[in-house]
Amino acid sequence: MPEKTRIRPPIVELALTRTKEFLREKEAMFWVFGFPLILALALGFAFREKPPDRVPVGVVAGPHAQQRLAALQKSAVLLPRVMNGQEARDALRRGKVSLLIEEAAGSDAVVYRFDATRPDSLSARQEADNALQAAAGRRNVLTSREERVHEQGARYIDFLIPGLLGMNLMGTGMWSMGFTIANARMKKLLKRLVATPMRKTDYLISMFLSRLIWLLIEVSVLVAFGWIVFGVRVNGSLLVLAILSIVGGYAFSGIGLLTASRAQTIEAVSGLMNLIMMPMWLCSGVFFSYERFPDAVKPFIRVLPLTLLNDALRAVVNDAAGLAQISFQLGLLAVWGIVTFIIGLRIFRWQ
């Protein structure tokens, strides 16, 4: 009597199937593994440890222009040049110079023209005034010195790598769930699954399980890349980092499921995905700190899932935070995942 073939649970079969499908998607492999590494490499070298670029300053031509140019050229921060009046005003308006220095009409006073909302303009104004005052004979009463910080956690690349990791977890978590569901619905594959005894819970959870396999691999690749190329090591526990990545991936998979639960076309789900992700790309501290935003909006920014994930990732990677220190972020990420998954499951339609 022939042996009975052992039938694996539907959720396992579906997870294996989705994993094999992912391996055949070369574009998905690039966006999951290749793009984050290219982005980290480009930004890492762009903001590597080097002296800051000198701030361009325009000196309006006049009787004392060359004298002031000589004084400003002694600064290691400024890059001054003499310009005629119209050229100087055009350069300031177009952002070619951050500061304009000219003589006040009818006196030897100096007029600084700049946009006060630009940080480089403010620093250039202070540096230029110090240089001109020193050239005019002012003495510095207080002796000062500077010490530059180089340890891990204080560099831009230490801020950037966890942000890229969070952005990648968001993008691939949402797209792997949302794009796959919408694509299967367009191809009428979901319609065929209605006739099977498989529950939609098995189908949707299997997609997250297959995503989980690649999630751990992509996190390992990006973390290893940051350590080997830029010296960004994980100061905290690798286990805590893995748990955080899984919870973060689950949260964004839930959002992806909710987004695609009713979408009928790839265009529809793409528009919804971009509508959801764009505010988080800009506000959640991927490339720069969200502390720059007004205080009134910071409470809303801090509860966005990508902000929660990025804050927790930076705490683990740079500050060696444990589960207790990131419990708030972990808890809210879990809530995001559970709530969106339940709602998405509830309103999900096969066709």
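**Close-up views of a predicted model**

**View 1. Val60 and its partner in the strand pair.** In strand 2, Val60 has Met83 as its bridge partner. Strand 1 (residues 55-60) pairs with strand 2 (residues 78-83) in the parallel sense, over six bridges. Strands pair if DSSP finds at least two bridges between them. Helices (H or I, at least four residues) and strands (E, at least two) are DSSP runs, numbered from the N terminus. The model is predicted: local features need pLDDT of at least 70 and side-chain atom pairs pLDDT 80 or more, while totals for chains, interfaces and linings use all residues. Residues are numbered from 1 along each chain as its sequence is written, and side-chain values use heavy atoms, leaving out hydrogens and water.

View 2. Strand 1, helix 3 (residues 65-73) and strand 2 build a right-handed β-α-β unit. Right-handed means that, with the strands pointing away from the viewer, the path from the first strand over the helix to the second runs clockwise. Gly62 sits in the loop between strand 1 and helix 3. Its relative accessible area is 34%, so Gly62 is partly exposed. Buried means under 20%, exposed over 50%, and partly exposed in between (1.4 Å probe, protein chains only). Gly62 and Gly85 are 23 residues apart along the chain; their C-alpha atoms are separated by 9.3 Å.

**View 3. Salt bridges.** The count is five salt bridges, each a side-chain nitrogen of Lys or Arg within 4 Å of a carboxyl oxygen of Asp or Glu. Among them is Arg68 with Glu103 (3.3 Å, N to O). This pair links distant parts of the chain: Arg68 is in helix 3 and Glu103 in strand 3 (residues 99-103), 35 residues apart. Arg68 is buried at 11% relative accessible area; Glu103 is partly exposed at 23%. Lys298 and Asp295 also meet in a salt bridge (2.9 Å, N to O). Here Lys298 is buried, at 9%, whereas Asp295 is exposed, at 61%.

**View 4. The largest nonpolar core.** This core has 57 residues. A nonpolar core joins buried Ala, Val, Leu, Ile, Met, Phe, Trp, Tyr and Cys residues through side-chain atoms within 4.5 Å. Ile181, Leu204, Leu244, Phe252 and Ile326 have the most contacts inside the largest core. Its suppliers of at least two residues each include helix 6 (156-186) and helix 9 (238-260). Helix 6 gives the largest share of this core, 13 residues.
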